[in-house]
Structures are given as structure tokens and as C-alpha cells.
Amino acid sequence: MFSHRHLLGIEDLSPADITTILDLADTYVDQSRSTAKHSDALAGLTQVNMFFENSTRTQASFEIAGKRLGADVMNMAMQASSIKKGETLIDTAMTLNAMHPDLLVVRHPNSGAVALLAQKVNCAVLNAGDGRHEHPTQALLDALTIRRRKGRLHRLTIAICGDIAHSRVARSNIMLLGKMENRLRLCGPRTLLPAGIDKFGVEVTENMDEALDGADVVMMLRLQKERMDGAFIPSVREYYHRFGLDAAKMRAAKPDAIVMHPGPMNRGVEIDGELADDINHSVIQEQVEMGVAVRMAAMDLLARNIKA
């Protein structure tokens, strides 16, 4: 059973909730790979996508997921919305609420904004990323990718490397993978590690060889320059030399280790281009595929509660 009204973050999900979403998503992977990709799980329901930040993968993924489930999907162009004319986020929420949507997918640059919206509307709200807070469906699709490739989602050694301080992906993954009893190692320059990182219950290092030693999964993160105020790294070249993933650094990981990246990638900065395309290690394209299935599963489960 999945009893949640919204999907705002990983923090509120139990291991059983996570497994329920991933099990259903597994069935949607098979459906998406078949010629009959559509179902009527969301037939008669209205899904509104509100993206206050630019997005390609996540917005397209939610749109495709909704349409494959039979929902009426509307994408709101927030860059041209009334917010630009001075309307507050709450006013926008109240206006939308009056139109009786069933599912509201929101990405916002401010942490906590999506949770605030969820308090003001009557429909189910899905967090598509808010500030530095969380990106729950990204962590779930990463978990599904790992589980399908490794056959399990527990007792793995997972290295999360790069710009952890500015990454909502890292935050959600740390919570999810920690709940599933994995050994987590965080690696990045001290300037890109969040304050209080030692209290996260994870191993922390500034040495990539230490982070990747015997790792089953290597998760690289994008340098989020748009969230940086000031100089966090000496130079891109120096960053790649110390923290960029290449074949030499990968030798510290297990021979069958997988390489992940939430995208978009900066090739030659966070990861070597050839390694990103290496079919023996890279699961980056699989992550994109799993994203549609996970978002289908999440919306399906929330819709069942709407209909109950």
C-alpha cells in the first residue's frame, strides 16, 4: 500500500514505500518497451506541469509519463506567467486550484516552495526539484537503475562524487540509498561539500581513489555553476584532474561497477566522454529510460489515492 497524498521528498518514504514504487515502475519499463505503450491509469485526470526552472529531461519525462497513462497533460510556461507581472506563488496556486487539476508537477528554484504549494491546493503534488532541497523522482529512477543492473538495492558500496553542496539529487540519493542499507561515500572538494556533512552518516573524502575503492556504483554530479556565488573551484581543468571521472580513476572501483550521472553532463569536466559512452560501465541512458517508468509509477500510485 502507498498511502501518501503527495510525493514531496524521499525523507517521508519508508523502505516499503520505495520498494512499492520501484516494483510498479518495473512493470512500466516493460510497457514502455512494448508497441502498446499506453494505459488508462490516469484516464479522465488532469496533470499540470509547472516548471519555474529550465528543464529538458525531467519535464519531458513527466509529460511522456502522463500521456502514456492517459492523462490530459498541460505544460505551463512559467517564464511567461503572471508571476512575472507580480503575482505571488500562493496566488498562482489558488488560481490553479480553482481549475481542479488532479496532479501538479512542480519544479522551483527555492527550497520549500513545492511543499508550500502542496498546502494550498486540493490535488496531488509531485516535487520535480526544489532549490537545494530534494529531487525525489531522480533518486527513485537512480535506485531503479541500480536495482535492475545489480539485482539488489542494499549492501552496495556507492560513491557519490562532485558538487554535493548544491545538489538536490545528492540529498535525495543519500536519504534513499541510506534507507536501503547501503555504504555511501561522498567525494568532492571541501568547498563543494555541505556544512554538517559529517552528521549525514556517510563516509567523506576529498580523494577519488579512496571514494572509488571497491565501489559497486559511481554516481557523478554536475557542477551547478548557476547555484554558485563565488569561486568554488580553482579552475575547470584542475577540477577535472582531481575529481573528474576517467578510466584511470575507475580502476579503483570493482570491475563490474556502473557509472551514473543525472545529466546534463559536462564532458571533460565531471566525466570523460568515452567513459560516459562505455556500454560496459555507463548506465546514463538507462537512467533516462527509468525516469519515465518511475514517474509513471509515482503518478499512478498517487492517482489511486485520489480515486479511493
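The largest pocket of this predicted model holds about 700 Å³ of space. A pocket here is an open set of points on a 1 Å grid over the protein atoms alone, where a 1.4 Å probe fits, with protein on both sides within 12 Å along at least five of seven lines; lining residues have an atom within 4 Å of a point. Grid points are joined across faces, edges and corners, and the volume is the space filled by probe spheres set on the points.

Residues are numbered from 1 along each chain as its sequence is written, and side-chain values use heavy atoms, without hydrogens and water. Local features need pLDDT of at least 70 and side-chain atom pairs count only at pLDDT 80 or more, whereas totals for chains, interfaces and linings use all residues.

The lining of the largest pocket comprises 33 residues, and Thr58, Arg107, Arg222, Gly263 and Pro264 lie nearest its centre. Two or more lining residues come from each of helix 2 (57-68), helix 5 (136-150), helix 6 (168-179) and helix 11 (284-307). Helix 11 contributes the most, with seven residues. Helices (H or I, at least four residues) and strands (E, at least two) are DSSP runs numbered from the N terminus.

The second largest pocket is lined by residues of which Arg132, Ile164, Ala165, His166 and Pro194 lie nearest its centre. The table gives the volume and lining of both pockets. In the classes, Ala, Val, Leu, Ile, Met, Phe, Trp, Tyr, Cys and Pro are nonpolar, Asp, Glu, Lys and Arg are charged, and the others, Gly among them, are polar.

| Pocket | Volume | Lining residues | Lining by class |
|---|---|---|---|
| Largest pocket | about 700 Å³ | 33 residues | eleven nonpolar, 14 polar, eight charged residues |
| Second largest pocket | about 150 Å³ | twelve residues | seven nonpolar, three polar, two charged residues |

An automatic or database assignment divides the chain into domain 1 (6-134 + 288-307) and domain 2 (136-283). Their C-alpha centres are 26 Å apart. The contact between them (heavy atoms within 4.5 Å) takes 33 residues from domain 1 and 25 residues from domain 2. Each domain also supplies at least three residues to the lining of the largest pocket.

Helix 5 and helix 11 have axes that come within 8 Å and cross at roughly 115 degrees. Axes are lines fitted to C-alpha atoms over the stretch in contact, and angles run from 0 to 180 degrees between N-to-C directions. Residues in this contact include Leu141, Leu144 and Arg148 of helix 5 and Met290, Val294 and Arg295 of helix 11. By class, the contact has five nonpolar, five polar and five charged residues.

Two backbone features remain. Gly263 and Pro264 are joined by a cis peptide bond with omega of about -5 degrees. Pro264 sits in the loop between strand 9 (258-260) and helix 10 (273-276). His100, not a glycine, has a positive phi of about 60 degrees, and lies in the loop between helix 3 (89-97) and strand 3 (103-108).
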